[in-house]
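Try each task yourself before reading its solution.

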Amino acid sequence: MQVNSERIPTEDVTTPGPLPTQPGTTTPRGRTAVVDLSAGEREKAAALLRMKRLALALLIAMAVIFAVAFAFQKQYPWLEYVRAAAEGGMVGALADWFAVTALFKYPMGLKIPHTAIIPRRKDQIGESLSEFVESNFLSQEVVQEKLASIDIARKAGLWLSAPGGAERVAKEGGAVIRGAFTVLNDDDVQAVIEGMVRKHLLTPPWGPPVGRMAERIFADGHHHTLVDLLVDRAADWVDANHSTVNRLVSDRSPLWVPTFVDGLVGDRVHVELSKFVRAVQADPNHQVRQSIDAYLTDLAQDLQHDPAMIERAESIKAQILGDPEVRELASRTWGTVKTALLNAVDDPDSELSQRFKSAVRDFGTRLVKDEELAGKVNTWIGDAAGYLVNTYRSDIAGVISDTVARWDAEETSQKIELQVGKDLQYIRINGTVVGALAGLAIFTVAHLLFG
């Protein structure tokens, strides 16, 4: 433990002396140093010292008055009343000094029973305080009633919808994201993504789910649009490639066939091919279309029930997504997500940041205006807080007793005296005044009764 550069001494009934040089040590005059004080604690320590000195000054004053009055009471009988008042004041001051001092230390170093209560019973005090907090504060009813009176949802909504609220949430969220990316290891994240891909994408067979999805698509006729597109593209190709058709016919005809014959045959093939494609294009119930529908329907069934087709689908899956491809996919996915998020949070004017802030403001506005939503949020918060209190109340309250148990006994006594000692010194002052009045009253009554 380090000693604060400004140590404020505590005081017993002895007169001030030099400060000790080490924390927890006691000077020859019985004064102990308070260590490691903050600015606020130094102010409290100075106020405590002033009150102790005032109480001590009253005790010394009473002793001086008593001595003077006792010495001259024969010559001046009225001093007997002064002596009685001073005597009562000294008794009251000493009694209350003993009572106050006994809380924090042994009076004058004497180990009198039931003194130094706080240092000796520190752990029991901590346990009692922990039980008190747990019984009276950490209950579901108390917490929920307090949260209901606060109306957290509406206050949060006002803050989120006000200027600067959403910006603050975005700023803090960006800090969380940057911190998370700093902590996370890229290789570990990529391994997790790779494991998820293998578990949810590679391990399950592709054939049956693809077949079921295809069956629903084909049954609803969604594939007809694709078929129409293919037929249209085929018709356009035939129209644009007359020479290509002629060349194909010429290349496949015998060498002895005259060239003009190849040209006539090529023209005829092109015309018939064009008619055929146009017929398929114009007739939605054309035989070719029906054949395509039948083929696709059979394919969807085979993907679900034909072991050979299922095995072929698995082979295609293995070729597409082998180990190198999966690792590359995981690496690209994580790199893309990480770069996009970091760029978004670093740029307050990015589209993601603007959308996030807009969503936060909209949510805040809804919390303010939507009574039903605010009520639900308050209920969720209350239920969550109630659950946490009921589940962890002993652990939360145990922090108090555990913390007090770790404190040093002398340091604990000093900390508590620093907080309440100033008020306790008023007991000494009041005891001096009340003792003086009581002594004066008792002596006056006795003098009146017995002369």
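**Exercise 1. Find how much of residues 84-104 is helix and how far apart the end C-alpha atoms are.**

Solution. This is a predicted model, so let's read what it shows. Start with the fold: residues 84-104 are 100% helix and 0% strand. Then go from one end to the other: the end C-alpha atoms are 31 Å apart. Next, look at residues 429-450, which are also 100% helix and 0% strand, with end C-alpha atoms 31 Å apart. Finally, turn to the record: UniProt, in an unreviewed entry, lists "transmembrane region" at residues 54-72, 84-104 and 429-450.

**Exercise 2. Decide which elements have the lowest and the highest mean pLDDT.**

Solution. Begin with the whole chain: the average pLDDT is 80, and 90% of the residues score at least 70. Now go element by element: helix α2 (residues 79-104) has the highest mean, 90, while strand β1 (residues 8-9) has the lowest, 40. Then check residues 1-34, where the pLDDT is below 50. This stretch does have 81 contacts in the model beyond near neighbours in sequence.

**Exercise 3. Work out what lines the second largest pocket.**

Solution. First, the space: the second largest pocket holds about 260 Å³. Third, the elements: α7 (165-183), α15 (323-346) and α16 (351-369) each give two or more residues, and α7 supplies the largest share, eight. Last, the classes: nine lining residues are nonpolar, three polar and four charged.

Conventions:
Residues numbered from 1 in each chain as written. Predicted model: local features only at pLDDT ≥ 70, side-chain atom pairs only at ≥ 80, totals over all residues. Heavy atoms only, no water. 1 Å grid on protein atoms, 1.4 Å probe; cavity = no way out; pocket = protein on both sides within 12 Å on 5 of 7 lines; lining within 4 Å. Points joined across faces, edges and corners; volume = space filled by probe spheres on them. Helix = DSSP H or I, 4+ residues; strand = E, 2+ residues; numbered from the N terminus. Nonpolar A, V, L, I, M, F, W, Y, C, P; charged D, E, K, R; others polar. UniProt positions renumbered as here; feature names shortened; annotations may be inferred. pLDDT = per-residue confidence, 0-100. Contact = heavy atoms within 4.5 Å.
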